[in-house]
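Hi everyone, thanks for making time this morning. I'd like to walk you through one model, so please have the sequence and the structure up on your screens.

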Amino acid sequence: MKDIGKKLKELRVSKGLSGDEVAKLIGRSGNYVISRIESGETKLSLEVFDKLCKVYEVPPASLFDVKKSFGKKKGFFDRVSYRADEGNIPEELKLKLQPHLKDLRRIGNLQKKLDRLPFNHREIYKVDLDEKLPLKKQKEVAKGLARQLREKMGADIDDELDIVDFISNKLNISILGIDLGELMWGFYSKDIYGHPLIVFNENNKFEGRKRFTLAHELGHYFLHNDFLEIDMEGDDQDEQKEKVVNAFAQELLVPSEHLRKYYDDVGFSLVRKIKPSHVAHLASKFKVSFLMMAYVLVDLGKINWNQYKEFDHYCKEKLEEEKDIIGYTTPDYVVRVKPLRQKIMDLAIEAKAKEVIGIDELSKLADMNTQELAKVL
Ligand SMILES: [Zn+2]
């Protein structure tokens, strides 16, 4: 408990807050309330602890010494369990995640040693999303963030974004593709060390949808950082939070400026009535789904809602059998995520080269003896 008091004090000082101010923020009064918590004299209730974590903007689990409090073998899964009351994690998902936890932990540890930690939204973006703002404003904020992010990570405006490379290699966020059956689109959470993890459903034949899910979950990371998000199939996408995140994903994958320019360049502005084949062409160019592109076109004022409904109808009726004819799917837009084992090996070899791990640790991670390793290295 004393350790936590010390950490709480450090957090308070780093935020430039006095004991009095913090007491007020958690609905108490008097500096002594805080000073007694920090010195370990008062037993800290879970409720007060939670409130303090909110004030200091840290996940509660980050204040515990993982090894001491939870034992060595715990990790992401415990974080999931820890949050289960908030997010209602389906048992099926827990079972599917379990076999990957060890590898995810190893990746997290190697990233830490290589000082390759995930990009924090505060490094890129100074303004926090105020969820009390009108939806339209929030969507603008989300789109602005997507543009800044692309710029900061050196993704040219007319690049079709390689979303896997972007998340995994540029932002250092782990992605896990698993077969989630009919269960869900994707999932965003943090592990017990505070590292983000994005899970998407591999069992989805529309690659454009996978790309969108990845961008969507990334939006949750930046805009709803400390929440657990599970995006179920048929979920209520009308929810405000989802709409904001969708605006982020949309701008990340299809930057409006680029689409407008491209739309003019290929002569679509001169077309009297936009047809499904036009939408398909754009969807293919930007590597997103047909319907998402139709939605973006409404958003940019290129088509109206009635046309969107026609396209929606068309998509449900025809697209599946006619996808080859209208060129909806192109072979180069398959979402390929490196298997976790491969990612561990890449990181481990780099860590060995930079001498942040020794040959013993490398051989343990690679599951090879030193002679076998000598042949590979
Ligand atoms: Zn979501």
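Let's begin with strand β2, residues 184–190: seven of its seven residues are buried, so β2 is largely enclosed by the rest of the structure. Do keep in mind that this is a predicted model.

Which strands does β2 pair with? One is β4, residues 229–232, which pairs with β2 in the antiparallel sense over four bridges. If you want a place to look, find Tyr-188, which stands opposite Glu-229 in β4. Then there is β3, residues 196–201, which is joined to β2 by five bridges and also runs antiparallel to it. Here the pair to look for is Phe-187 opposite Val-199 in β3.

Now, on to the helices. The axes of α16, residues 276–286, and α17, residues 290–299, come within 8 Å and cross at roughly 105 degrees. The two helices are therefore roughly perpendicular to each other. What meets what there? From α16 we have Val-279, Ala-280, Leu-282, Ala-283 and Phe-286, and they meet Phe-290, Met-293, Ala-294 and Leu-297 in α17. That contact consists of nine nonpolar residues, with no polar and no charged ones. In soluble globular proteins, nonpolar side chains tend to be buried together.

Two of those names come back in the largest nonpolar core, which has 66 residues: Val-279 and Met-293 are among the members that touch the most others, as are Ile-198 and Phe-248. Apart from that core lies another one, of six residues, including Leu-11, Val-22, Ile-34 and Ile-37.

That's my tour, and I'm happy to go back to any part of it!

Notes
Residues are numbered from 1 along each chain as its sequence is written. This is a predicted model: local features need pLDDT of at least 70, side-chain atom pairs count only at pLDDT 80 or more; totals for chains, interfaces and linings use all residues. Axes are lines fitted to C-alpha atoms, for helices over the stretch in contact, and angles run from 0 to 180 degrees between N-to-C directions. Angles under 35 degrees count as roughly parallel, over 145 as roughly antiparallel, 65 to 115 as roughly perpendicular and the rest as oblique. Two residues are in contact if their C-beta atoms, placed from the backbone, lie within 7 Å. Ala, Val, Leu, Ile, Met, Phe, Trp, Tyr, Cys and Pro count as nonpolar, Asp, Glu, Lys and Arg as charged, and the others, Gly among them, as polar. A residue is buried if 20 or more other C-beta atoms lie within 10 Å of its own, exposed if 12 or fewer, and partly exposed in between; C-beta atoms are placed from the backbone. Two strands pair if DSSP finds at least two bridges between them. A nonpolar core is a set of buried Ala, Val, Leu, Ile, Met, Phe, Trp, Tyr and Cys residues joined through C-beta atoms within 7 Å.
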